[in-house]
Amino acid sequence: MSVTDYESVIGLEVHVELKTPQKLFCGCSTTFGAPPNTQVCPVCLAMPGSLPLLNQECVEFAVRAGLALHCDIAPSSRFDRKNYFYPDLPKAYQVTQNFSPICSGGYVDVATEDGMRRIRINRIHLEEDAGKLIHHEDHSLVDCNRCGVPLIEIVTEPDIRSGEEAVAFLRKLRAIVRYTDVSDGKMNEGSLRCDVNLSVRKKGETLLGKRVEMKNINSFNFVARAIESEFKRQVALIEDGEIIVQETRRFDEKTGLTSALRKKESAADYRYFPDPDLGEVLVDNEMIAKIQSSMPRLSDERKAMYKDAYDLSDYEAERLTADKDLSDFFEAAVKETAHPKTLVSLILTDLAPLFGEDETEAPLSPETLGALADLLGKDVINSNTGRKVLKVLLENDQDPAAYVEENHLAQINDPKVLQPIVDEAVRSNIRAVNDYLKGRTPAMRALMGYIMKKTQGRANPILAEDMLKAAVADADKKSS
Amino acid sequence: MTITDMTIQEMAAALRKGDLSSSEITRAFLQNIEQLEPSVGAYITVTEDDALAMAKTVDQRLKEGYDPGLLAGIPAALKDNIATAGVRTTNASRMLEHFVPAYDAYVVTLLRESGAVFLGKTNMDEFAMGDSSEASAFHATLNPYDTTRVPGGSSGGSAAAVAAGEAVYALGTDTGGSICQPAAYCGLVGMRPTYGLISRRGVTAYASSFDQTGPMTRTVRDNAAVLDAIAVRDPKDGMSSRFAPIPEGGYVGSIETTFGNPVIGYIEEFSNGLDPAVRDAIERALQFYSSEGARLVPLSFPHLQEALAAYYLLTSAEGYSAINRYDGIHYGYRSAEAETVDDIYIRSRSDALGLEVKSRVLLGSYLLSKENYEIYYEKATRIRTLVIQTLNTLFNACDAILAPVTIGPAPLFGAHGDESLNGQYSSDRFTVLAPLAGLPALAFPSGLTEEGLPLGLQLIGPRFSEGRLYMLAAAYEDAHDRLPRPRLFHEKRNGK
């Protein structure tokens, strides 16, 4: 047997930090990056007598996520206490929803190499985040700013079969939570965190193997690598006739390997029970209807709209909508130009890579890019100049038309101006002309290069090439 | 009349006539505290300077014509699990011996707005877990009527303070009899209000689905006056009821209304194993109500044992979870010897939590474990539902239930001794039904035994029937002599 005879069975637990300005059970701010312990109060510090008060906005956010993921919304759910000791957990219990989650069922359709795959969602529950430990050489400090920040945990069914599929799912999920404004989905700030549950079995089998859990993996790349590494480890063990132990393992980002964290046998018993401080979480049809009607357009809807309105290909529309910020940026810029297709090609070739996993700041204003698309679309500048100008604009956002004029970058579209330069090119490059005439078409590039050099790249390339071809043909006629 | 023997109504009238100032009243109580505390031990912290400053402010206010109402200038004591900004709130635990909250409990805010004068914080069983106040980490509180006996608990300090004349009224807290039982042992009126009537915010949680704060006073009218001040919806306590029907004219006003011919029930199973004095007290009270035109109905509550078990299981489970936050990390006691994180937990909690708290934490931890959750916790919640349903049915047949509070008068110190949890808890059987069902219960004195020990009775009513309970208890109180102050009080005051 070999690796190819096995498959991974993967389920994900994704923690998504909600974008509400206030914490789940108190009025403290949720802003990321504040100085330690400045966004705290008696409630999130678990002072004696403090009581949680449910922030209704968090419920709405969870419902919005549930609707976007096609879940059933529970008309009534409850909070439970998950009891354990850890220094980042001042109450010594985390308030979560163990017995009755707010959303259940649901799915995400993911495009993979093998076509569309439907990854089913088991449940979504609301819970509070813990604080953060900051380790020093001989002591550790606790920052409680994150204590009580609202999270939803999205638990998938074991429908994922590979690292690539897991990443495709995560990307799609991230796009959805960002489109719905439920979360900013920043993995580097911990607002999207992923636990992977993985077991291995022979292809064709239906039973599940022993499950290994890998906790808190914080980038898409690491998720893929952790899955690949753990899959290989388990297959090797099975091939050697060994038994897989149900356990929690840690993925080491440096070595790319996983190592055992704790065995399931000694796993904590969290002594869940309903939180007596908190009543039922009620969601009625009116609330669902209100949320549904205020739901932002999701990527699929935008994709169809773009294809229709701007005559884009499936590929172009897919790429524009894969990231909400990119899509928002496109929508703002397209209002500023009469040349949407030029804008799309500018965005997809030059800007899309700048919208990375966690980048949210647009690299330049949509107005500027719209104006640049106009200059290109109206043939004021050529694409070479366009690329150079864009480089300048990315460093210093300014009016591209003014920049083009000040630096005399406008394209030369006048044949009368170009004719002497074309003639000169033919005269000074006899060898290239002869090569071209002998059928070596690449020789044309040398001739064009001469023209571009003489015009500092401003010659209208299509016009110049037409004129050049005419001039060469003319020269051929004369010589023969 | 001696200042410290006056009722709230009498003091309020004297304050407004100018016969007395709050400063004078406050000084009289502080003097009692100074003289009696060595033999009572009701307080953990006495805030003399604060009290005098508050009294002075109220005197000034009243002079300026600003009158915040009946409680203005009246000296009060607060159980030490009720947070007071700037004044340590120890919960009678080494764990929080030096813990000074930055916030007031909502009931404290409300009392401050009513012009209350706070004399200090009273002793209690550690984290309110206990029924004799012997489980205080600091010292015992003695029953002012017989210092060889316990004052009850967990609000024993509050009860002793009011009984001994060291405060006009006190706030206690109740999870399963912690107001009514010490009130009965110390000859007081104690109200455990309907769950959701009084804000729990700022009151240290023991069992969140049971905990309520309530007044302990010498008279029914005093008690109603305090409840009027604290029965205010708290939008920041998710369990604070939006629908509490507070009577027009307040609880004080409801006492003066007439009820027609009330139906008073009594639970027959309750008479098993009672001290003859208590049985006698019940009979006399029933006769009294009958003679006043009430109809008496015998009732049955067949699952008393199960209810009691459910009470211990649920409060231990919730208590376990509530106590875990005292772990030596964020505030409170931390063992100086601890080196690792686990060390901090283990040593700090081993050092600074008392035996009673530890045993409940262990019990709660045991019965919430995965293997036990269904057989204990879930079953207990089902029994709780059954208790609620049964009581609802009983209240279809009557307006209030008259019941004993305890099987007899206050026990001697150490009477619990090394008894198993079970033995200790069995005396709680009259006081857990109301908390289990979230119902109000009002304890009031029914006289002294031949040995001069107070006995109490209680009226339990449906949700939000506090006004009715006050009216019924006031009728009894008006027809009987007020309990004399404890002998101790006279001895000390006379300088003996």
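1. Ala46(A) lies in the loop between β1 (6-17) and α1 (56-68) of chain A. Helices (H or I, at least four residues) and strands (E, at least two) are DSSP runs, numbered from the N terminus. The phi of Ala46(A) is near 60°, a positive value in a residue other than glycine. Is Ala46(A) buried or exposed? Ala46(A) is buried, with 23 other C-beta atoms within 10 Å. A residue counts as buried if 20 or more other C-beta atoms lie within 10 Å of its own, as exposed if 12 or fewer do, and as partly exposed in between; C-beta atoms are placed from the backbone.

2. A word on the source. This is a predicted model, in which local features need pLDDT of at least 70, side-chain atom pairs count only at pLDDT 80 or more, and totals for chains, interfaces and linings use all residues. Residues are numbered from 1 along each chain as its sequence is written, while chains are lettered from A and ligands numbered from 1 in the order in which they are written.

3. Asp379(A) also deserves a look. Its phi is positive, about 65°, although Asp379(A) is not a glycine. The residue sits in the loop between α9 (366-377) and α10 (383-395) of chain A. Asp379(A) is partly exposed, with 13 other C-beta atoms within 10 Å.

4. Now chain A as a whole. It has 15 helices and 17 strands. Of its 480 residues, 40% count as buried. The C-alpha atoms of chain A fill a box of roughly 95 × 55 × 50 Å, taken along the principal axes. The radius of gyration of chain A is 30 Å, whereas a compact globule of 480 residues would have one near 23 Å. That radius is taken over C-alpha atoms, and the globule rule is 2.2 Å times the number of residues to the power 0.38.

5. Chain A is assigned domain 1 (3-287), domain 2 (297-406) and domain 3 (415-479). Such bounds come from an automatic or database domain assignment. The centres of domain 1 and domain 3 of chain A are 64 Å apart, taken over C-alpha atoms.

6. Look next at helix α6 (residues 314-321) of chain A. Its buried residues are Ala317(A), Leu320(A) and Thr321(A). They cover an arc of only 90° around the axis, so they are on the same side of α6(A). The arc is that of the directions from the helix axis to the C-beta atoms. The cover over these buried residues includes α5 (299-310), α7 (324-334) and α8 (340-351) of chain A.

7. The largest nonpolar core has 159 residues, and Ala76(B), Leu119(B) and Ala473(B) touch the most other members. A nonpolar core is a set of buried Ala, Val, Leu, Ile, Met, Phe, Trp, Tyr and Cys residues joined through C-beta atoms within 7 Å. Helix α10 (residues 304-323) of chain B gives the largest share of this core, 11 residues. A second, separate core of 80 residues includes Val40(A), Phe61(A), Ala130(A) and Leu170(A).

8. How many residues of chain B are in contact with chain A? There are 35, and they meet 25 residues of chain A. Contact means that the C-beta atoms of two residues, placed from the backbone, lie within 7 Å. On the chain B side, α10, α11 (341-352) and α12 (355-368) each give two or more residues. The largest share, three residues, comes from α10(B).

9. The bond from Gly153(B) to Ser154(B) is cis, with omega near 5°. Ser154(B) is in the loop between β3 (117-122) and α5 (156-163) of chain B.
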